[in-house]
Amino acid sequence: MMSSISANLLKKGVISGSDTQFSIANQETCDLVIGLDLGTSCTKVVVQSPYRHSGWSHAIPLGLHVKEIYLIPTQLFYDVLSGKTDIVEFPQAKRFQNLKLRFIDKPNQIVCNLADGHSVCIRDFSICIIANILLKTREWIFANCSDMFRQYKIIWHLNMGIPSSNFQKKYFNLYRAIALAGWNLSTSSNGITLQNASLCHLDECTNSNSSIHPDLVNIIPEVTAEVVNYARSESRNSGLHVIIDVGASTLDVAGFELYERTGKDNYSLIETRVRRLGAYRCHLARLKAMRRRILQGYAVDELFSDPSYRVNQRLEEYLPKIDLVDFNQNFQFYRKVRQCIGNVIKSLHNESDPLAKAWETGLPIFLCGGGQFVDLYQSVLNDIKADWQKNSRRINFKITRLDQKPANFHGDGVEFHRLAVAHGLSFPKEEFGDIWPKPKKRVIEINKNVDDYEHHFIRKEDT
Ligand SMILES: Nc1ncnc2c1ncn2[C@@H]1O[C@H](COP(=O)(O)OP(=O)(O)OP(=O)(O)O)[C@@H](O)[C@H]1O
Ligand SMILES: [Mg+2]
């Protein structure tokens with residue numbers, strides 16, 4: 001089944017998404033940056049014109065539901081016979097889900113053999129989803145932004161996000177390779193098939209025929225992209241900050257330094273930790289724990305087997321009597337989240353940045369991501385804050401949210417915080433300066449009291 005968006009575009013007779021220019025005769029150039037936030041639950045795409053039309057940016061509406069048109073489920077439909085793929089369902093298609101985590105864990109794991117004998121791995125599925133999204137993104141731009149850009153030769157940029165703790169050379173190269181391969185596959189006339197994805201080898205991806213300059217394909221930590229708006233705003237402060245991104249599957253916690261403005265904003269990640277403790281995982285863990293409590297509290301099997309049981313008089317007596325505060329504090333998931341965030345703050349304070357001014361003036365902590373409103377994360381932060389203040393009165397945290405929609409951004413209908421990473425990624429790479437971590441171990445006398453309190457909460461290493 002063709003998506004209604006694609007069908008409308010074809011009706012209008014617009015330029016195909018596999019093309020990359022409005023017209024190859026255009027001479028005057030215009031940069032367009034595609035920010036691609038590949039999330040575990042859904043992918044978000046924002047395109048920006050950084051140097052023309054006053055930094056105009058727009059979220060790309062490729063979602064399946066009108067109410068969430070900018071949220072594209074991160075799943076790929078594929079046909080084992082032909083190898084054909086799409087991000088919308090089609091007859092005989094199989095569905096491939098959980099792509100982001102599977103790619104991070106085992107990019108080369110074989111998923112299936114196609115009818116022609118080709119073995120395809122998780123990396124090939126990732127390349128295909130990127131290619132399909134890029135093709136439809138250009139298709140949307142050609143159909144809807146012709147008035148703004150049709151006279152220009154488009155210089156394309158592609159920035160893709162990466163979880164902060166994967167921001168290391170090994171993963172960086174892997175991510176960059178699939179982003180480039182995805183771009184090249186999306187512009188090839190051979191179709192976005194799994195076979196073609198598996199033929200996209202690394203050196204092929206850097207070939208000089210590519211319609212995007214390889215230097216303009218960049219991988220940027222999601223948390224860094226999330227703070228771009230803040231870093232450009234009047235309210236920004238230089239110095240140490242902490243950002244906590246609560247995604248569907250992952251909790252990404254990073255300490256970063258924002259340098260004085262010197263024409264460009266510059267960030268450096270100092271401490272990073274990514275754990276599978278996102279909002280959807282929290283939901284599953286809560287359901288499991290609740291079920292266990294109910295079964296324990298009612299000994300359901302015994303009740304069924306004893307006809308002499310004095311039955312409950314009122315319906316509400318069947319509801320579990322659960323002490324929610326106790327439930328939360330003894331909830332293993334809660335303790336893992338607390339340990340993850342607490343350890344990042346502790347490492348920043350004790351090892352990486354003990355002399356930062358923020359310890360005196362109040363450490364800014366940004367709570368972001370689709371899951372930021374799930375109360376568990378806020379409670380963890382409040383509890384960590386209370387503990388630090390108990391142990392070291394001079395330390396304060398300033399917990400804030402980054403939800404201010406930027407000027408000239410178009411993407412109404414979905415709360416801006418869901419699109420903040422994609423929007424941040426739609427800035428050109430120069431905006432970010434050098435993001436690579438610059439550890440600055442400073443030797444200091446560690447305050448024993450502050451150091452100790454976290455040990456109360458470390459029960460089991462999160463795996
Ligand atoms: N208003 C809300 N209240 C509670 N939970 C929400 C709300 N909005 C979104 N969520 C949850 O947020 C999660 C999606 O957030 P987000 O889009 O940031 O994740 P993602 O980018 O797909 O995942 P990740 O960052 O882990 O790769 C889902 O689990 C969703 O249920
Ligand atoms: Mg995310």
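Let's start with the open sheet: five strands lie side by side in the order β14-β13-β12-β15-β16, with mixed pairing. At its edges stand β14 (267-275) and β16 (397-401); each has a single partner strand, so one side of each is left without a neighbour in the sheet. On average, neighbouring strands here are turned by 20° against each other, direction ignored. Keep in mind as you look around that this is a predicted model.

Strands of a sheet pair through backbone hydrogen bonds, either parallel or antiparallel. In the pair formed by β12 (residues 239-246) and β15 (residues 363-368), the strands run parallel and are joined by four bridges.

| Helix | Residues | Strands touched | Direction angle |
|---|---|---|---|
| α13 | 332-352 | β12, β13 (251-258) and β14 | about 150° with β14 |
| α15 | 375-391 | β12, β15 and β16 | about 165° with β15 |

Strand β12 is touched by α13 and also by α15.

Which residues touch the most other members of the largest nonpolar core? They are Ala179 and Ile244, in a core of 111 residues. Helix α3 (residues 122-144) gives the most to this core, with 13 residues. Domain 1 (4-222) and domain 2 (235-280 + 327-403 + 433-457) both contribute residues, so the core lies between them.

Isoleucine 244 is worth a visit in your viewer. Leaving aside residues up to four places away in sequence, isoleucine 244 touches Val253, Ile341, Ile365, Phe366, Leu367 and Cys368.

Next comes helix α5 (residues 169-187). From its first C-alpha to its last, this helix of 19 residues reaches 27 Å, close to the 27 Å expected at 1.5 Å a residue. Is α5 enclosed or open? Since 14 of its 19 residues are buried, α5 is largely enclosed by the rest of the structure.

Finally, let's step back to the whole protein. Its secondary structure comes to 17 helices and 17 strands. Of its 463 residues, 41% count as buried. Among contacts with a separation of 6 or more, 75% come from residues 24 or more positions apart.

Terms used
Residues are numbered from 1 along each chain as its sequence is written. Chains are lettered from A and ligands numbered from 1 in the order in which they are written. This is a predicted model: local features need pLDDT of at least 70, side-chain atom pairs count only at pLDDT 80 or more; totals for chains, interfaces and linings use all residues. Two strands pair if DSSP finds at least two bridges between them. Helices (H or I, at least four residues) and strands (E, at least two) are DSSP runs, numbered from the N terminus. Axes are lines fitted to C-alpha atoms, for helices over the stretch in contact, and angles run from 0 to 180 degrees between N-to-C directions. Two residues are in contact if their C-beta atoms, placed from the backbone, lie within 7 Å. The expected span of a helix is 1.5 Å times one less than its number of residues. A residue is buried if 20 or more other C-beta atoms lie within 10 Å of its own, exposed if 12 or fewer, and partly exposed in between; C-beta atoms are placed from the backbone. A nonpolar core is a set of buried Ala, Val, Leu, Ile, Met, Phe, Trp, Tyr and Cys residues joined through C-beta atoms within 7 Å. Domain bounds come from an automatic or database domain assignment.
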